[in-house]
Amino acid sequence: MKGRVRHLILGGLVTLVLVALVAWFSAAPQWRSLPEQTALLRLSFTHGGDRSAACRDRTEEELAALPENMRARQICDRRRPPIFVELEVDGAIAFAAERDPSGLAGSGPSRLYERLLLPAGAHELTVRMRDRPDTEGFDYEATRRVELAPAQSFVIDFRPAAGGFVFH
Amino acid sequence: MSLRATLRRGLDRAERGLDPLFGADWNPLANLGPLGWFLFWIVAATGVYLFIFFDTGVVDAYASVEWLSNDHWFHAGVARSLHRYASDLMVVVMLLHLAREFVFDRYRGKRWFSWVTGVPIVWFVYMSGITGYWLVWDQLAQYVAQTSTELLDALPIFAEPIARNFLTPESLSSRFFTLLVFLHIAIPLILLLAMWIHIQRISLARSKPPRGLAAITLGALVLVSLLLPASSQGPADLATVPAVVGLDWFLLGLYPVIDMVPAGVIWTGALLFTLVLIGLPWAPPRAEAPAAKVFLDHCNGCARCVADCPYGAITLVRRSDGAPFPHEVEVDAGRCVACGICMGSCPSSTPFRRSGELITGIDLPERSLAALRAEVIEAAAQLTGAGRVLTIACGFGAAGVPAPGRVVLPCVAMAPPSLFDFILSRGLADGVAIAGCAERDCQNRLGRSWTLQRIARERDPFLRTRVPRARLLTAWAGPSEVARLEAETAGFAAALAAMGPYADQRPLDPAEARGSAAAAATATTARGARIVEAAK
């Protein structure tokens, strides 16, 4: 075996082994991203705090100082209030946090995306949200008893048009 | 010995092991850049082919990939495996290329541009691969999509968390999925642009591997694609979590870390890693000799130095001194690494000249042709006995350390062929050993090729026909091959001793010798220190 033929054969064999290793490591070993007998709960939604709580009526003097076409009776802060969200799992608080509005001026909705790992099995979930700063307690609340299978993805969303919290 | 020198010797030794298997010119470790290009084109071609069969809607994406992998395994399935394995191999090649250029110290000084422009390529390769995995829309795709979007959402740049697109089966629209397809086309196109920029400051960039190596690589990829075809991992189902996935550890190897570490730490780490990589060429910068200088009185604008410069540092411009030539050459000091290859290519670089000061058309200020001639004469004076060998050595090869009878250069191509003629015809030595760096890879890219072509009288300036080839030894040896080089040189010396002295000698003029001694004294100190530093 001489020169290039040898290089083609020996080099080819070495390259073949390398590529085979590459092929093997392209799908193995496996990675477990979720512990066994666990389900994933995601609490995620986008919702703007209610600005109306911070609105007030303009005084007569303030109205008079405005051009006629701009004399809106109410004046509201551009910035939205933060929302407060609480999630209770089997009677214990699993998540509670305030979420500020988005945007440079704070005029965008508050956003939430939280992941919680729960043991598979039956759970009672209660989720609450306050979107007005003047509310005592919560503006929205929902409770659901769920049976979570291992590796199940369970989602709690919020859609005002659907009446509040939605469980997927 | 410094850490870099130790690493360099280790890598040189490892690469040497592949020489007998592939041949020095096909050695894959010396062709990592060209292999990266080759693999990119394999990935691009197979990607275009796969796009013919791929359904870009989320509902049928998985089914179309399954169809092409199973029903049409013999063409589209092979293309899919090639697409994946060539991408993975590209990651391996890219990371080895990065490490190798670092170890061989080719990233600092005037060579910073290729290093810095290479950093975004690392990220674009990863982004191209990651977006590709989304498209299969199997369980791995679901895991990658969810983990990636959750990581992206940690950056305050999206109006709404994009991870919400993957909350439930109903929340993922085909329109969003088509956007992912677009990303997988757009990012590789940006990658190609970055790769093109990456090679802009070197001349004759090697973007194609040797045909034999290309054939070996493609053959191995096709064979493995047939034997171990790439497969999907079950259809994505957003109602469940892909708890266990078979990861592609080349492209997705960081995902377990992303799972375990907060997103802020990941982004900070990625940013710091990028900044450190970009800053490496200046930490610390390499001390380099001053750039080559043009002497118009001795330059007729022949452009041989323009053709030979490995760094595109010399350009041909309109004549400025009124001499009857259309052009002159101009050196870009920002690109010149002072390898001296231009001096070796200049037809004016002849050490035989006796009239006036020895000046050539393009010279190194810190190591002029006159100084080189003087060094050669001085080194020759250290040789005794029969079969005297004067070694012209590369500072990055096995003979890179100064020794009696040896002249160490930044590159052996710095020595013009007329210097070898001078050494023999003046009786300074019975033979000349040109000891360059390893055959598989020249530290200054093209020095070895140019030297060989000049000696073979295939490239200007030619070695004169009167120079007996038997009195020239060309030996290519990396820093770990000192013993082999010594053995070759000893064999060469024995052969020269048997040959006897060179017959057509015209001894050195005493005035020539005196002038050279003065030039040698002025040139040695700073240069010697620089060469020793470069070899560390």
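**Note on the predicted model of chains A and B**

1. In chain B, residues 528–536 have pLDDT under 50, where pLDDT is the predictor's confidence in each residue, from 0 to 100. For this stretch the model has 19 contacts beyond four places in sequence, a contact being heavy atoms within 4.5 Å. Where pLDDT is low, the predicted coordinates should not be read in detail.

2. The mean pLDDT of chain B is 93, and 95% of its residues reach 70 or more. The scores of the model are ipTM 0.90 and pTM 0.91. This is a predicted model, in which local features need pLDDT of at least 70 and side-chain atom pairs count only at pLDDT 80 or more, while totals for chains, interfaces and linings use all residues. Residues are numbered from 1 along each chain as its sequence is written, chains are lettered from A and ligands numbered from 1 in the order in which they are written, and side-chain values use heavy atoms, with hydrogens and water left out.

3. Chain A gives 39 residues to the contact and chain B gives 50 residues. About 3,800 Å² is buried between the two chains, with 65% of that area from carbon and sulfur atoms; buried area is the accessible area (1.4 Å probe) that two parts lose on being put together, summed over both.

4. Between chain A and chain B there are three salt bridges, each a side-chain nitrogen of Lys or Arg within 4 Å of a carboxyl oxygen of Asp or Glu. A salt bridge joins the side chains of Arg4(A) and Asp25(B), at 2.2 Å from N to O.

5. On the side of chain A that touches chain B, the elements giving two or more residues include helix H1 (3–25) and strand S1 (30–32) of chain A; helices (H or I, at least four residues) and strands (E, at least two) are DSSP runs, numbered from the N terminus. H1(A) supplies the largest share of that side, 16 residues.

6. Strand pairing also links the chains: S1(A) and strand S1 (residues 244–246) of chain B run antiparallel and are joined by three bridges, where pairing requires that DSSP finds at least two bridges between two strands. Within this pairing, Val245(B) stands opposite Trp31(A).

7. One joins Ala283(B) and Pro284(B), with omega about -10 degrees; Pro284(B) lies in the loop between helix H10 (263–279) and strand S2 (293–294) of chain B. Another runs from Asp460(B) to Pro461(B), with omega near -5 degrees.
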